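This report covers strand pairing, a pocket and ring contacts in one protein model. The sequence and structure come before the details.

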Amino acid sequence: MFTGIIEDRGRVLRVDYRGMGRRLMIEFPTHLTDVKLGDSININGVCLTIVEVKERYVTFDISPETIEKTTLGDLKEGDWVNVERALRLIDRLGGHIVTGHIDGIGRIVDKREEMDFQRLLINIPEEILKYVVRKGSIAIDGVSLTVNEFVGDNVEITLVPYTLEKTVLKDKGVGSRVNVEADILGKYVEKLLSQEGKKREDLDINFLKEHGYIEGE
């Protein structure tokens, strides 16, 4: 489990092809090297398991399904990636709950500079949009972000200076593919509604209070 607060960037050193899968070697920043074999790490939004550690060099295996369902198959030597270690129970939840299980691939359709900020317009697959709400949370390449507005099938987000400094999103241009994970809360609500035979339009503030999703007055 992760928070979507990216700790820093890593650099891809090697990409080895292993049948339909891949093996990635990534150089971690020095302050993120307290990791060990078997640890879960969020790489560009995807939860991966460490299979080898040598000083600052961390290796992961990528399955054919992960290559098909995410953008990790696009990575090549020299690319930079977002890195977040798994959440500890004593940590603050600064972003939102991120599982590292990608729902689909989005595409940047517009990018605008505004002073020290950047605004991105990202096209989101239709099957994911039902879980996205205005001012709600969404993870883009593992980064916890707030949805500003909807523009058709696109969502608008703002990148603050800290996010631009610590993540790879500043390097993404129009046309770039990004990993998208919707807020898991919406998926649980949908599941609960379907089990109780309710329609989505039956969801209101009273329902959320009754089932413990929000505090009552």
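Two strands are taken as paired if DSSP finds at least two bridges between them; strands are DSSP runs of E with at least two residues, numbered from the N terminus. The model is predicted, so to speak of local features requires pLDDT of at least 70 and side-chain atom pairs pLDDT 80 or more, while totals for chains, interfaces and linings use all residues. Residues are numbered from 1 along each chain as its sequence is written, and side-chain values use heavy atoms, without hydrogens and water.

Six strands form a closed barrel in the order 7-8-11-10-9-12, with antiparallel pairing. On average, neighbouring strands of this sheet are turned by 45 degrees against each other, direction ignored; the axes are lines fitted to C-alpha atoms, with angles from 0 to 180 degrees between N-to-C directions. Strands 9 and 12 run antiparallel and are joined by three bridges. Within this pair, Ile 140 stands opposite Val 180 of strand 12.

A pocket is an open set of points on a 1 Å grid, where a 1.4 Å probe fits, with protein on both sides within 12 Å along at least five of seven lines; lining residues have an atom within 4 Å of a point. The volume of the largest pocket is about 410 Å³, the space filled by probe spheres set on the points. Its lining has 19 residues, with Glu 7, Arg 85, Ala 86, Arg 88 and Asp 91 nearest the centre.

| Lining class | Residues |
|---|---|
| Nonpolar | seven |
| Polar | three |
| Charged | nine |

Asp, Glu, Lys and Arg count as charged.

The charged end of Arg 9 sits over the ring of Trp 80, 4.8 Å from its centre (cut-offs: CZ of Arg within 6 Å of the ring centre and within 35 degrees of the ring normal).

Technical notes
Helices (H or I, at least four residues) and strands (E, at least two) are DSSP runs, numbered from the N terminus.
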